[in-house]
Amino acid sequence: MIHTAAFPAINTEEEIRSFKLLQNNFASQYEKVFPDMQAPKTVVIVPSLTMDQEILTKIRGVIHYEERMLCLLMLLRMPRTHVIYVTSMPVDQVIVDYYLHLLPGITGYHARQRLSLLSCFDASRKSLTEKILERPRLLNRIRQCIPSGHIAHLACFNVTCKERTLAVRLGLPIYGCDPDLYYLGSKTGSRKVFSEAGVQMPAGTGNLKDADDLAGALADLKRQKPLLSKAVVKINDGFSGDGNAVFSYEASPSGTGLKQWIGKELPVRLKMVAADVGYENYINKFKALGGAAEEFIEGHIKRSPSVQCRINPLGKIDVISTHDQVLGGESGQVFMGASFPADSEYSNAIANMGEAVSGVLKNYGVIGRFSVDFISVKEPDGWKNYAIEINLRKGGTTHPFLMLQFLTDGNYDPGKGIYTMPNGQQRFYYATDNLEAPYYKGLTPYDLIEIAMFHGLHYDSTSQQGVMFHLIGALSQYGKLGVVCIGDSHSSAIRYYNKVKEVLEREC
């Protein structure tokens, strides 16, 4: 058994120095090993959503979001690569087989010899990373699963001080953002970066600490834009829109009494996006984490695109993809899914804005994947694009694009706004984490796979079109799953999605 006394104390200068040394050495590892498909290497995948657990519990089946990174099992197509995948609860073997059968040129048996599935057997509300750190024997098992002579690194959903501790305890670098820079992806930090990058963003104020700050910022915003009818309030560390709220200025007074009126009206007029979150709870969370307030962008034709970017350990910036996000909820703030690629009328413009933001983040020392969210409004002279937040982590558009890339070996051209495979054909997809219905409950992973096979819903490697399922473990209890529907046009991708819904409705 490994004793924690052998490691630096958590969040001390010694631990931070140890982490930075690991990260500094990662650049040479990346340059030497990553381009070589035959190199012996190990990727330790820890899909922990290390965020505010109270906010996360508002998402049904959130523990199964750890399955979204199962698309990284496609790394096993490299014949000398090993993958260690750690989860809170065991992943059903039917789900694992579902991913492994898609590996091109690799037998399931060969892939399984290089895959280690480890579990904490803990379904509590703690983050997965916390659960791992509480289990020294599991930490030791992770180390033992890394073959001798392999260069290894951690792949995480997001990187906080807890992932930093995990990296130091395992002696592995993380392909992700240093937690000392994580504030740059907060709602307040995003506004700072947008300002430095010179990209357009909604009018507003960050670095708010409490309800009094918030009332003052909302009053300033209304004075700045007298015709403004609504504002968006954002907790710094929200997820999928569930840290947001909307304030209405309807019948607000003008003059010096505006801030006092807003302060009095906040408990009544502030409408939280997350279900079952009351005003007191929200404001307490706002005080704990801080936040921002900004104008609610109106528009007759309005879209919510995003740009996914990557800064590798050598400092190279790539614009990986663009998406049109599908938002839902009463105020249109909750991420429901995405269509790839984004509309060509503005995809190049937001890609350029994403690249400008990446340049600022690179100068701060950020590495890894992240996304920049926008609101785009069509006006008589064209589209106006507003940057609204940075997600310094993997997100809802990460795993669908990774699936597409692993399955087709294509590339996205941000200048043209198209994704092209080696044979010259284009591909599109529609993806969601929120395909759900009460009558889906009770379907096991085996049931879903059987239904998909019977109705021809699986991804077809010959045509390079079809459906990939994820979040399969959430289906039986929550009646919820995710899909990535790949087609040769936007319309064909949507047809696959509609077919999935029709089949499941008929079967259930």
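Is the crossing of helix 3 and helix 14 left-handed or right-handed? Before we get there, a word on what you are looking at. This is a predicted model, in which local features need pLDDT of at least 70, side-chain atom pairs count only at pLDDT 80 or more, and totals for chains, interfaces and linings use all residues. Residues are numbered from 1 along each chain as its sequence is written, and side-chain values use heavy atoms, with hydrogens and water left out.

Now to the helix pair. Helices here are DSSP runs of H or I with at least four residues, strands are runs of E with at least two, and both are numbered from the N terminus. The crossing of helix 3 with helix 14 is left-handed, meaning that the near helix is turned anticlockwise from the far one by less than a right angle. Helix 3 (residues 93–100) packs against helix 14 (residues 445–454) at an angle of about 35°, and their axes are 8 Å apart. Those axes are lines fitted to C-alpha atoms over the stretch in contact, and angles run from 0 to 180 degrees between N-to-C directions. Where they meet, V94, I95 and Y98 of helix 3 face P445, Y446 and I449 of helix 14, in contact in the sense of heavy atoms within 4.5 Å.

Elsewhere, strand 18 pairs with strand 20 (residues 480–487) in the antiparallel sense over seven bridges, and T432 has V483 in strand 20 as its bridge partner. Strand 18 (residues 428–436) is mostly covered, with eight of its nine residues buried, where buried means under 20% relative accessible area with a 1.4 Å probe and protein chains only.

Helix 8 (residues 187–197) is mostly covered too, with eight of its 11 residues buried, among them R191 and F194. Just after helix 8, G198 takes a positive phi of about 70°. Finally, visit Q23 in helix 1 (residues 13–33). Q23 counts as buried because its relative accessibility is 14%.

Methods
Buried < 20%, exposed > 50% of the residue type's maximum accessible area, 1.4 Å probe, protein only. Pairing = 2+ DSSP bridges.
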